[in-house]
Amino acid sequence: MASSLTLPLDGGGLGWRCEVRESTVKILLHICCGPCTIYPLRILRGEGHEICGLFYNPNIHPYLEYRRRLDTLTSYAGQEGLTVIRDEIYPLEAFLRQVAFREEERCRYCYQLRLSYAAGIAKKGRFDAFTTTLLYSRYQKHDLIREIAEGVAGTYGIPFLYRDFREGWSEGIRVSKEIGMYRQPYCGCIYSERERYGRNLGKEDGGVKPLCPRDRNRD
Ligand code: SF4
């Protein structure tokens, strides 16, 4: 499995990498949802790391969907004995301000928002590194997530632990179905929800065009 810790060099967005060996490190795992947590948690714990979750996803709309994903994760975390940090508020505005007028590039700003927050919490909480379950999904922009995470690692002065969790895609799906976990049908934001369900809108004009490649594949 590909792996590396990206350690900040000068706080200016540059970094260097070293291979993770056998040492146990305290890792903050940014979590996007329950199903995407299953495989990364198993792998990281299997390596002997101490894991704490962070649920920070103002990109999930509407609020009831946000609650459902959070409740699903909370239930799973309870079963797994995983502590999860979460915001008491639902900062919807933070997401919308990030992407307004640049919706075509919204995923970049969405990742930036969430990963910056995770890096800040990891730094304040004196974690050894942070990573994200976003690296599990085949539908996400994996290379972009890594690029942004490495950038914020430099900015905040906290190592980013990279893993290609996509290797466990099938296993994660299998387990989530076996335990009856809620599996959301769209990425999260109102734009992705429209692209998932609004394909027939304005059909005479060709319908609503997906902005993200991932949403073309969801059926
Ligand atoms: S499609 Fe997903 S990753 Fe992209 S902006 Fe929406 S919620 Fe964020």
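1. Helices (H or I, at least four residues) and strands (E, at least two) are DSSP runs, numbered from the N terminus. This is a predicted model, in which local features need pLDDT of at least 70 and side-chain atom pairs count only at pLDDT 80 or more, while totals for chains, interfaces and linings use all residues. Residues are numbered from 1 along each chain as its sequence is written.

2. Several residues of helix 4 are buried, including Cys107, Cys110, Leu115 and Ala119. A residue is called buried if 20 or more other C-beta atoms lie within 10 Å of its own, exposed if 12 or fewer, and partly exposed in between, with C-beta atoms placed from the backbone.

3. Just after helix 4, arginine 126 takes a positive phi of about 60 degrees, although this residue is not a glycine. Arginine 126 belongs to the loop between helix 4 and strand 6. With 9 other C-beta atoms within 10 Å, arginine 126 is exposed.

4. Which residues are the closest to the ligand? They are Cys107, Cys110, Cys187, Gly188 and Cys189, within a shell of 10 residues; a residue is near a molecule if its C-beta atom, placed from the backbone, lies within 6 Å of it. Helix 4 (106-124) and helix 7 (190-197) each supply at least two residues of this shell, and helix 4 gives the most, with three.

5. By type, the shell around the ligand divides into six nonpolar residues, three polar and one charged. Here Ala, Val, Leu, Ile, Met, Phe, Trp, Tyr, Cys and Pro count as nonpolar, Asp, Glu, Lys and Arg as charged, and the others, Gly among them, as polar. Domain 1 (3-184) and domain 2 (187-219) both contribute residues to the shell, so the ligand lies between them. The domain bounds come from an automatic or database domain assignment.

6. Strand 3 pairs with strand 4 (residues 50-55) in the parallel sense, over six bridges; two strands pair if DSSP finds at least two bridges between them. Isoleucine 27 has isoleucine 51 as its bridge partner in strand 4. Between strand 3 and strand 4 the chain passes through helix 1 (residues 38-46), and this β-α-β crossover is right-handed, meaning that, with the strands pointing away from the viewer, the path from the first strand over the helix to the second runs clockwise.

7. Strand 3 is also joined to strand 6 (residues 129-132), by four bridges, and these two strands run parallel. Opposite isoleucine 27 stands alanine 129 of strand 6, and opposite leucine 29 stands threonine 131. In a regular strand the side chains alternate between the two faces of the sheet. Both faces of strand 6 are covered, with Ala129 and Thr131 buried on one side and Phe130 and Thr132 buried on the other.

8. Helix 5 (residues 142-156) has 15 residues and reaches 21 Å from its first C-alpha to its last, close to the 21 Å expected at 1.5 Å a residue. Glycine 151 lies in this helix and counts as buried, with 20 C-beta neighbours inside 10 Å. Glycine 151 and leucine 115 are 36 residues apart in sequence, while their C-alpha atoms are 9.6 Å apart in space. Just after helix 5, glycine 157 takes a positive phi of about 70 degrees.

9. A cis peptide bond joins histidine 61 and proline 62, with omega about -10 degrees; proline 62 sits in the loop between strand 4 and helix 2 (63-80). Phenylalanine 101, in the loop between helix 3 (92-99) and helix 4, has a positive phi near 70 degrees without being a glycine. Phenylalanine 101 is exposed, with 5 other C-beta atoms within 10 Å.

10. Proline 91 is found in the loop between strand 5 (84-86) and helix 3. This proline is partly exposed, with 14 other C-beta atoms within 10 Å. The C-alpha atoms of proline 91 and proline 58 are separated by 5.4 Å, although the two residues are 33 residues apart along the chain.

Key: The expected span of a helix is 1.5 Å times one less than its number of residues.
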